[in-house]
Amino acid sequence: MHNRPVRGDITRNSSLFTIERKIIGKEGRNIKTLEMLLGVDIIIDDTPNTITISSFNLYIRAVATKTIQELIEDGRIQPARIEEIYRKIKAEFDKNIQKEGEDVVLELGLKSVHPELVKLVGRMRYRASYGQNALAHTLVVAHLAGLIASQLGGDPILARRAGLFHDIGKALTHDMPGSHVDLGVQMCKRYGEGPVVLNAILAHHGHEEPSCIESAAVCASDALSAARPGARREVLENFLKRVFL
């Protein structure tokens, strides 16, 4: 988890002070409604001439940013309209997340994946770890695990499935207590994933030994993806030091 909230900036146009007044609203009603409904902190500062949206949760921040952008374009900024726009944007994001998850499952050639797990896969687009996007990392791990398992005589489809779900708990760590490993095991058990997937989730952080080729392939692929120069901030910094010092 980041030590500070992630900030999203919306640059304001020439009608700066009009927008500023509308966002705040009479006696601060609009900004209070926005912060309560969107679950973010909104900071209005004339320098550097932006509205700043602050949240640890990238998904919530993205929904809030789009909601405020639409409200500014619409111009009718008042509590009832704020809630209406928010509900519409939230529904659009949920639909897009489901579609993205479905596309990933289709790309990996997987079948019989519970819709709730599909949604969590899509939501990983809005999660990062050490600067590395969780969904991008997951796709790399899934594809690599499939290749490694295939070369070692394992089941490449099962390895890709285990790779897809090895970090699925990260989609929930901003909303629920517990580590991403515990949450991943909990969700995959609830929605019918088998022992290989559960072992891969536990093994890639050393909670268990890999029990099969597919789990071992996921562990190796996870290490390769995280250690690739440029994948994560501290890995890139260390790589550049080795190259140039």
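Is Tyr59 buried or exposed? Tyr59 counts as buried, because its relative accessibility is 4%. The cut-offs: buried is under 20% relative accessible area, exposed is over 50%, and partly exposed lies in between, with a 1.4 Å probe and protein chains only.

Ground rules. This is a predicted model, where local features need pLDDT of at least 70, side-chain atom pairs count only at pLDDT 80 or more, and totals for chains, interfaces and linings use all residues. Residues are numbered from 1 along each chain as its sequence is written, and side-chain values use heavy atoms, leaving out hydrogens and water.

Now the rings. There are three aromatic pairs in the structure. Rings of Phe, Tyr and Trp (its six-membered ring) pair with centres within 6.5 Å; planes under 30 degrees apart are stacked, over 60 edge-to-face, the rest tilted.

Take Tyr59 and Phe93. Their ring centres are 6.1 Å apart and their planes sit at 75 degrees, so this pair is edge-to-face. It links distant parts of the chain: Tyr59 is in helix 3 (residues 58-74), Phe93 in helix 4 (residues 79-107), 34 residues apart. Helices are DSSP runs of H or I, at least four residues; strands are E, at least two; both are numbered from the N terminus. Both Tyr59 and Phe93 are buried.

Next, Tyr59 and Tyr126. Also edge-to-face: 5.6 Å between centres, 65 degrees between planes. Tyr126 lies in the loop between helix 5 (115-123) and strand 4 (128-129), 67 residues from Tyr59. Tyr126 is partly exposed, at 23% relative accessible area. Tyr59, Phe93 and Tyr126 form one aromatic cluster.

Last, helix 9 (residues 195-203). Eight of its nine residues are buried, so helix 9 is largely enclosed by the rest of the structure.
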